[in-house]
Amino acid sequence: MFDDPKALTSANWHDIHMWLQWLWIYVPLVFTFVFTMLTAHAFIPSLVATNHLPANANRLRLPLTGFAAIILVAAVVMMVLVINSTLDVEKFYDRFWI
């Protein structure tokens, strides 16, 4: 069915390390993007509409959206690096779903 596993070399461990490093950077970027967009497009308008924040607080929405866009670009780059590292890990482990 499947070949017997072979011992991993130091290069294989380095590939695993790089894959996990890019993945661990990706996850906080996604959470930062989500929290920033939620703040800019849900919390601030809601708090302004209920008069819990002054109307000039709406000026924060554009910079927060711009920051979220930068974070989104960084997250996309990290995902590309994760996928690229996955191709390196696939050289010695081809069963990701088992």
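Let's start at Asp15, which sits in helix H1, the stretch covering residues 10-49. Helices here are DSSP runs of H or I with at least four residues, strands are E runs of at least two, and both are numbered from the N terminus. This is a predicted model, where local features need pLDDT of at least 70 and side-chain atom pairs count only at pLDDT 80 or more, while totals for chains, interfaces and linings use all residues. Residues are numbered from 1 along each chain as its sequence is written, and side-chain values use heavy atoms, with hydrogens and water left out.

Back to Asp15: with a relative accessible area of 16%, Asp15 is buried (buried means under 20% relative accessible area, exposed over 50%, and partly exposed in between, using a 1.4 Å probe and protein chains only). If you skip residues up to four places away in sequence, Asp15 touches Asp88, Val89 and Phe92; a contact here means heavy atoms within 4.5 Å.

Now follow the chain as a whole. The protein chain has 2 helices and 0 strands. Its C-alpha trace spans about 65 × 25 × 15 Å along the principal axes. The radius of gyration is 21 Å, whereas a compact globule of 98 residues would come out near 13 Å (the radius is taken over C-alpha atoms, and the globule rule is 2.2 Å times the number of residues to the power 0.38). Buried residues make up 19% of the 98 residues. Take the contacts between residues at least 6 apart in sequence, and 68% of them join residues at least 24 apart.

Next, the core. The largest nonpolar core has 6 residues: Trp22, Leu29, Ile71, Ala75, Met78 and Val82. H1 and helix H2 (61-89) are the elements that give two or more residues to this core, and H2 gives the most, with 4 residues. By nonpolar core we mean a set of buried Ala, Val, Leu, Ile, Met, Phe, Trp, Tyr and Cys residues joined through side-chain atoms within 4.5 Å. In soluble globular proteins, nonpolar side chains tend to be buried together. Have a look at Trp22 too: setting aside neighbours within four places in sequence, Trp22 is in contact with Met78, Leu81, Val82 and Ser85.

Asn51 isn't a glycine, yet it has a positive phi of about 65°. At 66% relative accessibility, Asn51 counts as exposed.
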